[in-house]
Amino acid sequence: MHSATLFPQLQAYVTDAFQRGILALDVLRERGDVYLQHHADGKPPVLAFDYSIIIDGRKLPQPVNYALAAIHPPAGSPATDPDKRPFVVIDPRAGHGPGIGGFKMDSEIGIALRQGHPCYFVMFFPQPEPGQTIECVLQAEKAFMDEINSRHHGNSGKPFVIGNCQGGWALALLAATAPEKVGPILLAGSPLAYWSGIRGKHPLRYSGGLTGGTWGASLAGDLGGGLFDGAHLVSNFENLNPANTLWEKPYRLYANVDDERERFLDFERWWGGHFMLGKQEMEWITQNLFVGNHLSAGDIELEQGNSRVDLRNIRSPIIVFASWGDNITPPQQALNWVMDLYRSSDEIRANEQTIVYCLHEQVGHLGIFVSAGVANREHSELASALDLIDVLPPGLYEAVITDTHPETPGLDYLQGRYIVRFEPREIADIAALDDGRDDELPFEVVRRVAEINQQLYDSFVSPWLRVLIKPAQAEALRVLHPARQERLLLSSLNPWLSWLPKAAEQIRLQRQPVEDSNPFWQWQQQVSTQLAGALEQWGDWRDRWMEQCFELTYGSPWLRAAVGLPPADSWQREAQSGRWEREEMLRLKRAELEQHYTAGNPFDGLLRLLVYTAIGTGVVDVRPFNAIRRLMAETPLGEGVALPALKDSIRRQTWLVRNDETRALDTLGSLLTEPQQRQQALDLAWHLLGIAGPISEEKQARLARVAAALQLDGPSPQPGKVEAAEPPAAAEATTAAAVTEAVPVEVATPATKPARQPAAKRSPATTKAVASKPTRSPASKAANSAEPKPAAPRSRRKPPAPDVE
């Protein structure tokens, strides 16, 4: 390039680089001021919505630092309909404050408000109450659910509760110990199987073993004067990805300072708002969950041993939302608990439990909750299909969300651009998401070593520290934490930065950004990429070293024998206690259901007909669901049937058909006694099965057998066309259609579509929807870095940037 051209470009680049440096430093100063102001305000939730506190947990008989808030719809949102199912969001208490579930308008709360649902938020305050335990928090959440249920007496169903990350295991405890209080639950990025992961990819699970167990959390609690500083947890998240923490995050601010300021400050307000946990709470979490992994084993006891937490007691549908791009809660940790509880999907159905999982291809951990663009499709579609999910027959399903095209059958029965269907899965499909579970064997040794070290610490160290550490010393240690010091030093409290605001304001008036075509700017970008790559390689080496040290230490036979464990050949979860009691309960349940072969009403007969016809595939599609809502509004079969009754009936009829198909068919006439009822039910089945395409020969044969059993010639020659008009609101709320959609309905697909691969053999690339990627806007940038580069699920991939992952 000619020197006459190069010199002006160099001059332009130097000017721009200097201005960006001053502006970026000023944004960091503003971050410190935001931190100080947020602290002075009492660290309120970072919600983008107005709210009012309904119950303050600090005033309960067992005080806790939790509260229940009602969310007020913002301007432009539809008015809240009290007859619709209420939504409840439980945010994670993992070192940060509450609000990430409603951090943006386009979030879990925003999606619910746009659909007119009443929305509630479980928040918490910075300091735990004296003597607060996890059991106290559980009792408070039960009181919250009682209040919500008392406010909504309609037939819309029990509350849909979302648990984000650690809020997910708290929700699992709630749903298992008080199943009658909640409706469908969504575990978003929530770890329930803490030892699981893929070798060479998920190093966070090794941290407990490399520090010798849970005594470190107790030490931090004693040094904090009985409080565990949430800044420690935040630092652990940042250490996961040194490339992002040390370079990419600050460089992103520097390189895009003109557009990045608002997003950066909004997120840092939450990321730097460190909250406290009680020492007892953190010990319970680490000993029972992170290291102990007792939740899925059914080993957690509450109420002084009078109550045992069994996830099989959850009666409402369980929805698991996980992502291949999440390195904090990978899909294995989100789903392997299913294998710990059940040996086959038949056991799931026998226990009358419904489990649905949805896997995103690349969104990062926090992007699951923020839901801005990258995961908005999944949250929106799952929320829209809640009534369908609530009446799904028991079993294991995967939610598959695909885009439509002009030739897609049944477009008239879709409210948006996507098709949601629930495909039946087996336990083997969950197992195939992992690379085997033998890598979990060393964690058994970690648990034993942790128990030994914890006893030694509690006996010989903790008593001395509790005497020596005074409140002033504990507060000084918290203030000196690096996460706080970097904000305090770069704030207006620092007199050396008094010149910065005026200089930054002057630069904004004279801003001269460089063109992207400037060769020096391009060189800067290349250097940044190389530095980030070098830090990422170092992080990979560190993670491999951690994994090797872990396996050499805890995988050694001598240490396993030293802690009293027998030699291990392969992974096998110990059988849960209470199996005899549960089998006896199921035997009594079967005896009770036997009488329903001939007992029931015409609506039960319609459901049995649909279940019998579609029992072969078990695939549930949203299009027949929407169609049956319209049809049922015009027929008397589902009149007055509320959603809870619908749910009970469909589960009962599904069991009867699966138990004895022949008997279920032979006794169908005892439920549909009138010829007109029989003809209506048969016509309705033909309509539903034909919506998504041609009816298969198997289904036609089953419908023929139904017609013969009901003494009918077949469906009506011209059964009539489904009206496009929406049914009245009352009919839609009570319609039996909501349930029928939950009945397995075959989905015919175009002949050109390849046969479905089992989940066990699929990678994210094969399940990717055809939908184009949503365009990014300033409102969605808070979760941008939550999107790691697309990669196959088995490939090694760094976690996305902590500030947006």
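**Cysteines and burial**

Student: Is cysteine 358 buried or exposed?

Tutor: Cysteine 358 is buried, because its relative accessible area is 4%, where buried means under 20% relative accessible area, exposed means over 50% and partly exposed lies in between, computed with a 1.4 Å probe on protein chains only. Cysteine 119 also counts as buried, at 3% relative accessibility. Please keep in mind that this is a predicted model, in which local features need a pLDDT of at least 70 and side-chain atom pairs count only at pLDDT 80 or more, while totals for chains, interfaces and linings use all residues. Residues are numbered from 1 along each chain as its sequence is written, and side-chain values use heavy atoms, with hydrogens and water left out.

Student: And how many disulfides are there in the whole structure?

Tutor: A search of the whole structure finds zero, taking a disulfide as a pair of cysteine sulfur atoms within 2.5 Å.

Student: What about the big picture: how many helices and strands does the chain have?

Tutor: The protein chain has 34 helices and 15 strands, which are DSSP runs numbered from the N terminus, with helices being H or I over at least four residues and strands being E over at least two. Of the 805 residues in the chain, 57% are buried. If you take the contacts with a separation of 6 or more, 83% of them join residues 24 or more positions apart, a contact being heavy atoms within 4.5 Å.

Student: Changing topic, how many aromatic pairs does the structure hold?

Tutor: The structure holds 17 of them, where rings of Phe, Tyr and Trp (its six-membered ring) pair if their centres lie within 6.5 Å, and planes under 30 degrees apart count as stacked, over 60 as edge-to-face and the rest as tilted. One of the pairs is tyrosine 206 with phenylalanine 550, whose ring centres are 4.8 Å apart and whose planes meet at 45°, so this pair is tilted.

Student: Where do those two residues sit in the chain?

Tutor: Tyrosine 206 is in the loop between β6 (185-188) and α5 (207-210), while phenylalanine 550 belongs to helix α23 (residues 519-554), so the pair joins distant parts of the chain that are 344 residues apart. Tyrosine 206 is buried at 2% relative accessibility, and phenylalanine 550 is buried with a relative accessible area of 1%.

Student: Which phenylalanine forms another aromatic pair with phenylalanine 550?

Tutor: That is phenylalanine 443, and this pair is tilted, with 4.9 Å from centre to centre and 40° between the planes. It too links distant parts of the chain, since phenylalanine 443 is in helix α18 (residues 441-460) and phenylalanine 550 is in helix α23, 107 residues apart. Phenylalanine 443 is buried, with a relative accessible area of 3%. One aromatic cluster is formed by Trp195, Tyr206, Phe443, Phe550 and Tyr554.

Student: Now histidine 152: where is it placed?

Tutor: Histidine 152 lies in the loop between α3 (134-151) and β5 (160-164), and it counts as buried because its relative accessibility is 14%.

Student: What does the side chain of histidine 152 make a polar contact with?

Tutor: One partner is the side chain of tyrosine 120, at 2.8 Å; a polar contact is a pair of N or O atoms within 3.5 Å, and within protein one must be able to donate a hydrogen and the other to accept it, while residues adjacent in sequence count only if both atoms are side-chain atoms. The side chain of histidine 152 also reaches the backbone oxygen of proline 82, at 3.0 Å. Leaving aside neighbours within four places in sequence, histidine 152 is in contact with Pro82, Lys84, Pro86, Pro118 and Tyr120.
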